[in-house]
Amino acid sequence: MRAILASSIGVTCAALLALPFVLPDGAPADRQQLAGSQTAELPGTTRSLPLTPLGGGPARGSDRAVRQAPQAGLKAPEVKQFSLVGVVWQDPRAVLEGQVQVRTRAVGTGVWSPWQELDAHSADGADPGAAESRAHGSTAPLWVGASDGVEARVRQTGGTSAPLPAGLRLDLVDPGADPPRPRSVAAGLELPELTRAETKAEAEAESGSAKPYIGARPRIVLRKAWGADEKLKEKGNVYTKTIKVAFVHHSASGNGYGCSQSGSVLRSIYRYHVKSSGWRDFGYNFAVDKCGNVYEGRAGGVAKPVMGAHTLGFNTNSMGIAVLGTYTHANPPAAAVNAVAKLAAWKLGLHGANPKGVTHLTSGGSNLYKKGRNVRLKVVSGHRDGFATECPGGRLYGKLGAARWKAGRLQGR
């Protein structure tokens, strides 16, 4: 999900020393809440810890470039509980060509995790000149589960001595408690799965005509069910004309979650997208968890062409589907891939698009295609097809052919 920009991440890297830095929970509000004001009405919290520069010190010989690379870090062994972390900086145009690592202490056990990588290269967001703008640069968020201690370290890689982006901070997100379950399951929490015939009839009733090829609507868990507080997002929704391409992503937030925690993961990513990255709402139109559950992402109506902030340069006339997890080296579960196919068959069918086919979108400007270029894309594409990025991870990207074939078959093609 993040761009590959001069990436020698994971290549030779000297061990970093994290600067001892403790921010107690009683610290001033401007330090705890740099990501934005919090109110009692909003579920969860976001707390921000500034990263402090670390001196590289003198170096000799082959170690010189490594030792002199700009570094930053922190230690916060005692903080209020959080479940998701990400690194944020001031200028969204600034590139962090480096390695970002965190380790966290689990609540209850006191056990520290190994150092974990945060996907450092920003590639998601609103197109230039769109109705929303990204207020900050940021890494992908990482789900770490309930934690109460954290250490972080950041360094430039690739032999560069360029300074790190200004205003580096570590945002800690607590998703808050799950929403109460109403006694009635049908209390506006989900759209039930329909048969293909029922889906066609519903589409015809709503539009006056039904497309000849459309897949059955899958069960969709709505925002209310996973606990999205609508006061957190900006007012109103932004729409495009149609849906011509489905861009598939992975959230790059790690695979250490259970499906019963998917709501917490979604609330955390939602808060991170809005309060940390500065987007108007959840970036993706839909999310799919490892068990194949489909979730409404960005608000505005699941059947409508809602503009998201998922594929920089190609948010117009497209939709973004994020599979929760990191699938660079891990295989995506079959249930998740099947859910992507079902979702694509239905939503693309509503807009007359063939998931087995190709189409064209006009680039709004990306690191692959300059603004205004007419780009030929597969109707079901990976994020990397519009932006130079690893997303949706090599293992998930390799499954898109099967997803296209199944989605086409589900449409009756």
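Glu 78, Arg 105 and Asp 148 are joined in a network of salt bridges, a salt bridge being a side-chain nitrogen of Lys or Arg within 4 Å of a carboxyl oxygen of Asp or Glu. A search of the whole structure finds 12 salt bridges. The model is predicted, so local features need pLDDT of at least 70 and side-chain atom pairs count only at pLDDT 80 or more, while totals for chains, interfaces and linings use all residues. Residues are numbered from 1 along each chain as its sequence is written, and side-chain values use heavy atoms, with hydrogens and water left out.

- Arg 105 lies in strand β5 (residues 98-106); strands (E, at least two residues) and helices (H or I, at least four) are DSSP runs, numbered from the N terminus.
- With a relative accessibility of 11%, Arg 105 counts as buried. Buried means under 20% relative accessible area, exposed means over 50%, and partly exposed lies in between, using a 1.4 Å probe and protein chains only.
- The side chain of Arg 105 makes a polar contact of 2.9 Å with the side chain of Asp 148, and one of 3.5 Å with the side chain of Glu 78. A polar contact is a pair of N or O atoms within 3.5 Å; within protein, one must be able to donate a hydrogen and the other to accept it, and residues adjacent in sequence count only if both atoms are side-chain atoms.
- Leaving aside neighbours within four places in sequence, the residues in contact with Arg 105 include Pro 77, Trp 112, Ala 146 and Gly 149; contact means heavy atoms within 4.5 Å.

- Side chains of opposite charge can pair when their charged atoms come close.
- Glu 202 forms a salt bridge with Arg 217, with 3.2 Å between the closest N and O atoms. Glu 202 belongs to helix α3 (residues 196-207) and Arg 217 to the loop between α3 and β11 (220-221), so the pair ties together parts that are 15 residues apart in sequence.
- Within this pair, Glu 202 is partly exposed at 29% relative accessibility, whereas Arg 217 is buried at 6%.
- A salt bridge also links Arg 223 and Glu 230, whose closest N and O atoms are 2.9 Å apart. Arg 223 is buried, at 3% relative accessibility, and Glu 230 is partly exposed, at 40%.
- Glu 234 and Arg 280 meet through their side chains in a salt bridge of 3.1 Å, N to O. Glu 234 is in the loop between α4 (223-226) and β12 (245-250) and Arg 280 in the loop between α5 and β13 (286-288), so this pair ties together parts that are 46 residues apart in sequence.
- Glu 234 is partly exposed, with a relative accessible area of 40%, while Arg 280 is buried, with 8%.

**Strand β4 and its partners**

- In strand β4 (residues 82-89), 8 of the 8 residues are buried, so the strand is largely enclosed by the rest of the structure.
- β4 pairs with strand β9 (residues 169-174) in the antiparallel sense over 5 bridges; two strands pair if DSSP finds at least two bridges between them.
- Strand β8 (residues 142-156) also runs antiparallel to β4, joined by 3 bridges.
- Leu 84 stands opposite Trp 143 in β8, and its bridge partner in β9 is Val 173.
- Strand β7 (residues 137-138) is joined to β4 by 2 bridges, again antiparallel, and Gly 137 in β7 is the bridge partner of Trp 89.

- β10 and β11 are antiparallel and pair over 2 bridges, and the bridge partner of Glu 190 in β11 is Val 221.

**Helix α5**

- Helix α5 (residues 262-276) has 15 residues, which at 1.5 Å a residue should span 21 Å; the end C-alpha atoms are 20 Å apart, which agrees. The expected span is 1.5 Å times one less than the number of residues.
- Helix α5 is mostly covered, with 15 of its 15 residues buried.
- Gly 278, which follows α5, has a positive phi, near 90°.
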